[in-house]
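The tour below goes from one selection to the next.

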Amino acid sequence: MSKRKSVALLPKGTVSDEAVRYLFRNEDVEFVYCKMIADVFQSTAKGLTDWSVIPIENTIDGSVSLHIDWLVHEVDLPIRAEWVYPSIQNLIGSGSELIGENGKWDPSKITKVMSHPVAMAQCLQFIRANLPHAELETLSSTAEAVRMVKNSPGQGWAALGTRLAASELELDVLEEAVTDHDNNYTRFLLVGNTPYEKPEAPLQKTSILVTLPEDFPGGLHQLLSAFAWRRINLSKIESRPTKKKLGNYYFYIDIEYSLDSVLLPAAIAEIEAIGCQVRLLGSYPSLPFEG
């Protein structure tokens, strides 16, 4: 009998939790919840779990630089899959405390709104329009904010968080989908030394790190040309500091091509031939949201 697979992720009730349940919805996988992203990475790096789930990019906020740096500098865990999931925040509280005479939640009864700083920033228009008087407090996660509301009855507190967290802690969703943008999605990575197969994935991607030999004129152009003339699409290219010398960068590149193809290994060989250092982060299935 094969051992049950396990995955490390951020706290129960977060968008990460919702996203992981979506990815493994038809699979028997153990979820190991961690408070901090460092704990998530280390759980898999130390062999305690098969995979880690990492939020890597958001429609509104862009790349999560801290998580990219962990993936590049702190651990050596290959990317096994990526998928997108909607980041929907809701106003959560105790309905019996905050509902007015008209049967709807009464903004004047809310004294404080709590959430993760990223989630808070994604709901600022809603807060300014409906709760300009409320104190704002940021916490380590949206799930922690919902838990604080649950454990502090009678204070007039509310949280921005997921429907999952509200359901788990038996609180009310006072207002659904209060995120300022309807198209707010987060891209997640599944990383670890354990293979993960999704043969039905509509797209295969490869991620690499490229460091130029020196900062010389035309270096980046030469790098990109190796992909351009082969008509290989780069879905993302981002420069990040190497942390070795001021002004010294590597390029994080997502490629919409499998490493099993003929063209991509040839392109990588070409940029290595001009003196670039290339590190493979993974070649993996890319899964769209099908909600």
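This is a predicted model. Start by selecting Thr-186 together with the residues it touches beyond four places away in sequence: Pro-55, Glu-57, Asn-58, Trp-83, Val-84, Tyr-85 and Ser-87. Within this group, look at Asn-58, whose side chain makes a polar contact of 3.0 Å with the side chain of Thr-186.

Is Thr-186 buried or exposed? Its relative accessibility is 9%, and the cut-off for buried is under 20%, so Thr-186 counts as buried.

The whole structure has 11 aromatic pairs. In the pair of Trp-83 and Phe-188, the ring centres are 5.5 Å apart and the planes meet at 25 degrees, so the pair is stacked. Trp-83 belongs to strand E5 (residues 79-86) and Phe-188 to strand E11, so that the pair links parts of the chain 105 residues apart. Trp-83 is buried at 1% relative accessibility, and Phe-188 is buried with a relative accessible area of 1%.

Next, select Tyr-85, another of the residues that Thr-186 touches. From Tyr-22, move to Arg-25: its charged end sits over the ring of Tyr-22, 4.2 Å from the ring centre.

For the last stop, select Lys-112 and Trp-157. The charged end of Lys-112 sits over the ring of Trp-157, at 4.3 Å from the centre of that ring.

Technical notes
Residues are numbered from 1 along each chain as its sequence is written. This is a predicted model: local features need pLDDT of at least 70, side-chain atom pairs count only at pLDDT 80 or more; totals for chains, interfaces and linings use all residues. Side-chain values use heavy atoms; hydrogens and water are left out. Buried means under 20% relative accessible area, exposed over 50%, partly exposed in between (1.4 Å probe, protein chains only). A polar contact is a pair of N or O atoms within 3.5 Å; within protein, one must be able to donate a hydrogen and the other to accept it, and residues adjacent in sequence count only if both atoms are side-chain atoms. Contact means heavy atoms within 4.5 Å. Rings of Phe, Tyr and Trp (its six-membered ring) pair if their centres lie within 6.5 Å; planes under 30 degrees apart count as stacked, over 60 as edge-to-face and the rest as tilted. Helices (H or I, at least four residues) and strands (E, at least two) are DSSP runs, numbered from the N terminus. A charge sits over a ring if NZ of Lys or CZ of Arg is within 6 Å of the ring centre and within 35 degrees of the ring normal.
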